[in-house]
Structure formats: structure tokens, C-alpha cells
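Here are my notes on this model, point by point. Please read them with the structure open.

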Amino acid sequence: MKYKNYIFDLYGTLVDIHTEEDSELLWEKMTFLYGFYGAVYTPEELKTDFRELVAGKEADTHEAFPEIRIEEVFEALYAKKGVTADRELAVHTGQFFRILSMEYVKCYDGAKELLKGLRDAGGKVYLLSNAQGIFTEYELRLLGLTPYFDDIFISSEYGVKKPDPKFFELLMQKHGLNPEESIMIGNDMRCDIGGAKKVGLSTFYIHSNISPELKSEPVVDYILMEMNLAKVKEMLLVG
């Protein structure tokens, strides 16, 4: 086995997901929830205020690629209507939003077999995901993926996200990873592959159904232009 450490992206790499945050029904349902607690919005007002708060929090930082904690946005939406919401209510509101917006979430075929195979062969397996903890930690549990990782890094918990080298370095420093013994596997050339290269990691690009459009030929150590995690497993364990 060529590598000791395998760092995975999540959505579009191991997990297939589709969310729709522009749905009129979503924002209508969200106004019901806010209204139950005394924060009365129209659907359009709530959607507009939500997006403005997200943009404002992203701008209010010195990071090149900042990441916010989305529960703070849902809490602030209560506060705008004079309602004091504790963190538990803010988290549950955010999770209600996620469930309403999510059309499906599922593992790609072979995801668990890939992760198990790498660990059984003696590798360390890590997750490095641009995501929100109040969504992703629970989705990992739902999908049964949590036990397959030696550690999980979710960007909302660190205030920075890929492709910022700092996010990769936080994981590498915590576990003392040697870049020459480590590889990043992801479906996004800019966030996953570009960021990994800046810190000296080897790279494996998988083109999945939710990968951003490629603007040029990928320059990577490994490439697979289809979603086939059985093939990824074979390439990593043999190559």
C-alpha cells in the first residue's frame, strides 16, 4: 500500500446528496416554525434575511475562505423579531431546514467497502469536509459512516474551509501526517485537489454527478472520470 493516510471529501465523493433551498414550500414551512415561537415572517422576508445574514457573517472575517456556523444564522433570525432563542432551538431549527431542503442523501455504492478496505490494510482514514456540523455529523450517523473514520474535520467547527491550506494543515498537524505518505481524495478540482496540492499531498480526483464543471484537464496523481468506488479501492490498494 503506497499511502498511510487517506483524506476524503464527503459530498460528491462518498455521499450523493441533493438539496433545494429555493423551494417556496421550504420557506413557507420555515415561517410556520418561526411563527410558533413568536418570530413572524413572510416566506420571502425570511429567505432574504437568511441570505443576508449568511453573506454578512462570511464577510465579517479575515479568512480568505471563511466558514460560518449556520446555527448562528438561525438564532439571529429569531433575534431580528425580538425572540431570544437558545442554542438548542437554533440547532433544531437548522436541522428542520436541512430536512425540508433535502431531496435525498445516500452513500455511493462501495463507499463503506472502500473505507473499510483501506483501514483493514493498515491505513488511517480521515474526513475533511466543507460542511455544517449540525447537518453533517447527523447525516454521517444516519448513513452509518462515522465509525469508518479515524477523525472527522468539518469546516464549520474550524471557521475555515477548503481550498484554504490552513484547513488541511489543521488535520495534518493534529495527527502528525507526513504529506509524502498522505493522499486527498475528492470530486472538486478547486477545493479538494487545489488545496491539497498547496500542502504537498498526493491527489485523487473522482468526477461524480455533482462535481463542478471541469475547465481544463485535471493534473493529479490519480483520476477516475466516473463514480466507481470499487475501482478507487482497487487503485489505492494496488497502486
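1. Lys57 and Glu72 form a salt bridge, with the closest N and O atoms 3.7 Å apart. This is a predicted model. Lys57 sits in helix α2 (residues 43-59) and Glu72 in helix α3 (residues 70-79), so the pair ties together parts that are 15 residues apart in sequence. Lys57 is partly exposed, at 28% relative accessible area. Glu72 is partly exposed too, with a relative accessible area of 28%.

2. Glu72 also takes part in a helix contact. In α3, the residues Glu71, Glu72, Phe74, Glu75 and Tyr78 meet α4. On the α4 side are Arg87, Leu89, Ala90, Val91, Thr93, Gly94 and Phe97. The two helices pack at an angle of about 110 degrees, and their axes are 8 Å apart. The cut-off for roughly perpendicular is 65 to 115 degrees, so α3 counts as roughly perpendicular to α4. By class, the contact of α3 with α4 holds six nonpolar, two polar and four charged residues.

3. How does α1 pack against α4? Helix α1 covers residues 24-36 and helix α4 residues 87-101. Their angle is about 155 degrees, with the axes 10 Å apart. Angles over 145 degrees count as roughly antiparallel, so that label applies to α1 and α4. Their crossing is right-handed. From α1, the contact uses Leu26, Trp27, Lys29, Met30, Leu33 and Tyr34. From α4, Thr93, Phe96, Phe97, Leu100 and Ser101 take part. The contact of α1 with α4 has eight nonpolar residues, two polar ones and one charged.

4. Thr93 and Phe97 are listed in the contact with α1.

5. How many salt bridges does a search of the whole structure find? The count is 17. One of them joins Asp9 to Lys162, with 2.9 Å between the closest N and O atoms. Asp9 lies in the loop between β1 (5-8) and β2 (15-19), and Lys162 in the loop between β5 (151-154) and α7 (165-175). The pair therefore ties together parts that are 153 residues apart in sequence. Are these two residues buried or exposed? Asp9 is buried, and so is Lys162.

6. Asp151 pairs with Lys174 in another salt bridge, where the closest N and O atoms are 2.8 Å apart. Asp151 belongs to strand β5 and Lys174 to helix α7, so this pair ties together parts that are 23 residues apart in sequence. Asp151 is buried, with a relative accessible area of 15%. Lys174 counts as exposed, at 53% relative accessibility. As for shared partners, salt bridges join Asp9, Lys162 and Asp192 into one network.

7. Check the backbone at Lys162 as well. Most peptide bonds are trans. A cis peptide bond joins Lys162 and Pro163, with omega about 15 degrees. Pro163 is placed in the loop between β5 and α7. Lys162 lies in the loop between β5 and α7 too.

8. Lys106 is in strand β3 (residues 102-107). Lys106 is partly exposed, with a relative accessible area of 44%. Which residues does Lys106 touch, not counting residues up to four places away in sequence? They are Leu14, Val15, Asp16 and Leu143. Lys106 and His18 are 88 residues apart in sequence, yet their C-alpha atoms are 9.6 Å apart in space.

9. Where does Pro212 lie? Pro212 is in the loop between β7 (202-206) and β8 (222-224). Pro212 is partly exposed, at 37% relative accessible area. Leaving aside neighbours within four places in sequence, Pro212 is in contact with Asn187, Asp188, Tyr205 and His207. The C-alpha atoms of Pro212 and Asn187 are separated by 8.0 Å, and the two residues are 25 apart along the chain.

Methods
Residues are numbered from 1 along each chain as its sequence is written. This is a predicted model: local features need pLDDT of at least 70, side-chain atom pairs count only at pLDDT 80 or more; totals for chains, interfaces and linings use all residues. Side-chain values use heavy atoms; hydrogens and water are left out. Axes are lines fitted to C-alpha atoms, for helices over the stretch in contact, and angles run from 0 to 180 degrees between N-to-C directions. Helices (H or I, at least four residues) and strands (E, at least two) are DSSP runs, numbered from the N terminus. Angles under 35 degrees count as roughly parallel, over 145 as roughly antiparallel, 65 to 115 as roughly perpendicular and the rest as oblique. A crossing is left-handed if the near helix is turned anticlockwise from the far one by less than a right angle, and right-handed if clockwise. Contact means heavy atoms within 4.5 Å. Ala, Val, Leu, Ile, Met, Phe, Trp, Tyr, Cys and Pro count as nonpolar, Asp, Glu, Lys and Arg as charged, and the others, Gly among them, as polar. A salt bridge is a side-chain nitrogen of Lys or Arg within 4 Å of a carboxyl oxygen of Asp or Glu. Buried means under 20% relative accessible area, exposed over 50%, partly exposed in between (1.4 Å probe, protein chains only).
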